[in-house]
Amino acid sequence: MTAADTHRAILAVWRVEQPRLITSLARMLHDVTLAEDMTQEALVAALENWPRTGVPERPGAWLMATAKRRALDHLRHLAVRDRRHGMIAREIEEEQMIMPDHDAALDDDIGDEMLRLIFTACHPTISRESRVALTLKMICGLTTEEIARAFLLPEATVAQRILRAKRSLSESGLAYETPRGEELSQRLASVLEVVYLIFNEGYTAARGECLLRPQLCHEALRLGRLLTAVAPAEPEAHGLLALMELNASRAAARTDATGEPVPLLDQDRTLWDQFRIRRGLQALKRARELGGEDGVFTLQAAIISCHARAVRAEETDWHHIAALYGRLAAIQPSPVVTLNQAVAVGMAEGPAAGLAIIDVLLGERQLQSYHLLQAVRGDLLFKLARYGEATEAFETAAEMTGNGAERALLTRRAAEAAAAARQEGGD
């Protein structure tokens with residue numbers, strides 16, 4: 001294996017193992033910032049050692065053992081002047097003697113380190129915005145810039161939220177555990193939101209050259225299934241699982257052989273995963289049986305189910321989808337929901353009707369740097385044969401997006417619109 005191969009292997013392992021390392025260390029150290037630092041040190045150690053010794057048979061276990069050793073050294077140093085750090089160091093040492101296998105799961109009612117940390121980060125003492133931003137950074141590995149783009153917020157604002165959340169977790173003495181009973185119910189809505197944001201980053205990556213980050217989608221789906229076991233009577237837990245399963249069913253059809261995104265209406269529906277669709281529809285049925293028909297996630301799942309049930313694109317019930325988006329907008333008003341509603345209205349009633357909604361959204365401050373607003377506008381303008389305006393909209397959207405695959409698609413759409421404008425001018 002060449003040095004370049006080893007480096008690629010290290011980064012691949014790191015991408016998978018980083019969230020698990022941070023969550024495990026945060027639970028043990030009671031300090032999120034220190035957990036991140038020790039995780040980074042483990043990566044540096046891998047970059048220094050693996051090119052010489054080769055990639056270990058169990059790279060995740062190697063990274064965990066290294067991070068724990070570094071954490072112990074750090075805590076022993078601090079223990080000289082701080083009794084609390086000495087106690088934490090002894091706890092880690094005792095745990096290592098009892099559980100030398102660093103790949104083993106901790107023995108609790110769920111047995112899932114990551115879900116435990118999400119519940120901890122979603123404690124009511126931490127603001128909703130801060131806990132979501134912190135969890136996306138720790139578990140998805142998103143940068144502050146990427147989180148800011150996802151929330152349509154200034155980067156400095158997100159950085160402050162993450163800092164406040166870390167302080168709250170480290171200074172509050174919160175137990176890293178999955179709550180029960182009423183306390184679980186109080187945090188569940190935030191946890192569901194965080195898990196869906198993890199899925200979304202996997203479904204359409206904020207940055208990079210690839211549209212998908214499959215590992216994050218799989219992780220979110222795993223957490224979603226765990227949540228339906230933790231809270232089986234909560235309709236929105238089933239609604240979220242339905243939404244993720246139905247969206248994930250299209251993964252194989254969402255990109256072409258070159259990795260460029262394939263629009264929904266152009267996808268080869270024979271590639272859609274029918275097993276996932278059945279599981280998604282079953283979870284949607286369960287959410288409705290539990291009385292969650294108007295839940296935010298259940299409504300979104302109902303929208304996606306309209307696509308899943310349509311064997312051909314032209315069979316899609318766009319009028320029903322537009323009506324569902326109307327219900328969703330009434331429950332959870334959001335310019336992004338309205339943007340999606342505009343797409344459905346454009347399909348149901350014609351592009352001019354959709355564009356009328358988009359024109360109102362152009363004044364929304366939150367959407368000024370949101371590339372999908374311009375992308376949708378470009379598509380509607382193209383359908384109306386307003387090719388010059390469509391070209392500008394697609395070009396603007398391409399400049400705004402941080403994802404290389406999306407940028408390539410938008411650039412191609414801009415070129416198609418420009419060619420149509422030239423042809424029209426020539427005629």
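Me: About how many helical turns separate Phe199 and Tyr203 in helix H9?
Reply: This is a predicted model, so take everything here as coming from a prediction. Phe199 and Tyr203 are both in helix H9, and they sit four residues apart. That spacing means they are separated by about one helical turn.

Me: How many aromatic pairs does the structure hold?
Reply: A pair of aromatic rings is described by the distance of the centres and the angle of the planes. Going through the model for ring pairs, the count comes to five.

Me: OK, what about Tyr196 and Phe199: what kind of pair do their rings make?
Reply: Their ring centres are 6.4 Å apart, and the planes meet at 10 degrees. Planes under 30 degrees apart count as stacked. The angle for Tyr196 and Phe199 is 10 degrees, so the pair is stacked.

Me: Which helix holds both Tyr196 and Phe199?
Reply: The two are three residues apart, about one turn of the helix. Both lie within residues 181-203, and that stretch is helix H9.

Me: And how do the rings of Phe199 and Tyr203 pair up?
Reply: Here the centres are 5.6 Å apart and the planes make 20 degrees.

Me: Is Tyr203 buried or exposed?
Reply: Buried means under 20% relative accessible area. Phe199 has 0%, so it counts as buried. Tyr203 has 11%, so it too counts as buried.

Me: What volume does the largest cavity have?
Reply: Rolling a probe the size of a water molecule over the atoms shows where empty space is left. The structure holds one cavity of 30 Å³ or more. The largest cavity has a volume of about 40 Å³.

Me: Which elements give two or more residues to the lining of the largest cavity?
Reply: The lining is made up of Glu129, Ala133, Ile147, Phe151, Leu153, Val158 and Arg161. Elements that give two or more of these are helix H6 (128-140), helix H7 (144-151) and helix H8 (155-172).

Me: How many residues of that lining are charged?
Reply: The lining of the largest cavity has five nonpolar residues and no polar ones. The charged ones number two.

Methods: Residues numbered from 1 in each chain as written. Predicted model: local features only at pLDDT ≥ 70, side-chain atom pairs only at ≥ 80, totals over all residues. Heavy atoms only, no water. Phe/Tyr/Trp six-rings, centres within 6.5 Å; stacked < 30°, edge-to-face > 60°. Buried < 20%, exposed > 50% of the residue type's maximum accessible area, 1.4 Å probe, protein only. 1 Å grid on protein atoms, 1.4 Å probe; cavity = no way out; pocket = protein on both sides within 12 Å on 5 of 7 lines; lining within 4 Å. Points joined across faces, edges and corners; volume = space filled by probe spheres on them. Nonpolar A, V, L, I, M, F, W, Y, C, P; charged D, E, K, R; others polar.
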